[in-house]
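Please examine the structure shown below.

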Amino acid sequence: MKFTMGTKDLKDVIARFKNALPVGRWIGDDSFLHIWVRVISPHMAAFAACDSTALFEVRVDIQTDEPRGALPFEFLLPVLEIPKSAGQRTEITVEDNEITLNYNGVVQNIKRSERKALKYDDFFNQKANFVMGVNPKLFGRILKSFEQEKVVRLEFDSELKAIIIKADGAKGLVLPVRLK
């Protein structure tokens, strides 16, 4: 499989992955972005990345000659540092044993991991009883106040009632926002 994307978009995917994990957790030879590429239209793909504790999806523009029916395509991409001399576009080629990243002439060849990527559908195809929206900045700030806790409990009653956050000796709440 071969596709091209903006180097800035690749940096964004890697930064989001790093931010989703505890500090230092992504460093090392055993850290991989579990990447799923799904062509949504000829110029849009959804990238998801996770480890066993966090998962997110981000949609970015790509160019590919792959037919829509050929995807989803899953592979593991090591968490890597993108060279400072990288151009604006990155071409990613995934073969049986190797992943090649070409940043407009600056090439990185990476041995493809033998580990299996986690299955995307196991995460995002779950049915919800209700859906609620929150302001991510406010939600992040309240959760940051619980950083010293080992576990927090989130209590939901309905999509229009506050989310109650509880830990040993601490409580908080976040009000939902209406979804259109």
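The following questions and answers move from the whole chain to single residues.

Reader: What kind of model is this, and how are its residues numbered?

Author: Side-chain values use heavy atoms, with hydrogens and water left out, and residues are numbered from 1 along each chain as its sequence is written. This is a predicted model, in which local features need pLDDT of at least 70 and side-chain atom pairs count only at pLDDT 80 or more, while totals for chains, interfaces and linings use all residues.

Reader: What is the average pLDDT of the protein chain?

Author: The term pLDDT denotes the predictor's confidence in each residue, from 0 to 100. In the protein chain, 67% of the residues score at least 70. The average over the protein chain is a pLDDT of 76.

Reader: How many helices and strands does the protein chain have?

Author: Helices (H or I, at least four residues) and strands (E, at least two) are DSSP runs, numbered from the N terminus. Read along the sequence, the pattern is β-α-β-β-β-β-β-β-β-α-α-β-β-β. The protein chain has 3 helices and 11 strands.

Reader: Which strand has the highest confidence in the protein chain?

Author: Confidence is lowest in strand 3 (residues 44-50), where the mean is 58. The highest mean, 92, belongs to residues 163-167, that is, to strand 10.

Reader: What percentage of the residues of the protein chain count as buried?

Author: Buried means under 20% relative accessible area, exposed means over 50%, and partly exposed lies in between (1.4 Å probe, protein chains only). The protein chain has 180 residues. Of these, the share that counts as buried is 34%.

Reader: Which side chains of strand 10 point to one face and are buried?

Author: Along strand 10 the side chains alternate.

Reader: What is the order of the strands in the open sheet of 3 strands?

Author: Two strands pair if DSSP finds at least two bridges between them. Strand 9 (residues 153-155) is joined to strand 10 by 3 bridges, and strand 10 is joined to strand 11 (residues 170-174) by 5 bridges. The pairing is antiparallel, and the order is 9-10-11.

Reader: Why is one side of strand 9 and of strand 11 left without a neighbour in the sheet?

Author: Each of these two strands has a single partner strand, so one side of each has no neighbour in the sheet. The reason is thus the position of strand 9 and strand 11 at the edges.

Reader: Which residue of strand 11 is the bridge partner of Ala167?

Author: Elsewhere along the pair, Ile163 stands opposite Val174 in strand 11. The hairpin of strand 10 and strand 11 has 2 residues between the strands, and Gly169 takes a positive phi near 75 degrees there. The bridge partner of Ala167 is Ala170.

Reader: With which side chain does the side chain of Thr100 make a polar contact?

Author: Thr100 lies in strand 7 (residues 98-103) and counts as buried because its relative accessibility is 18%. A polar contact is a pair of N or O atoms within 3.5 Å; within protein, one must be able to donate a hydrogen and the other to accept it, and residues adjacent in sequence count only if both atoms are side-chain atoms. At 2.9 Å, the partner of the Thr100 side chain is the side chain of Asn109.

Reader: Is Asn104 buried or exposed?

Author: Asn104 lies in the loop between strand 7 and strand 8 (106-111). Its phi is near 50 degrees, a positive value in a residue other than glycine. Because its relative accessible area is 52%, Asn104 is exposed.

Reader: Leaving aside neighbours within four places in sequence, which residues are in contact with Ala86?

Author: Ala86 is found in the loop between strand 5 (73-78) and strand 6 (89-94). At 18% relative accessibility, Ala86 counts as buried. Its contacts beyond four places in sequence are with Thr7 and Tyr103.

Definitions and conventions: Contact means heavy atoms within 4.5 Å.
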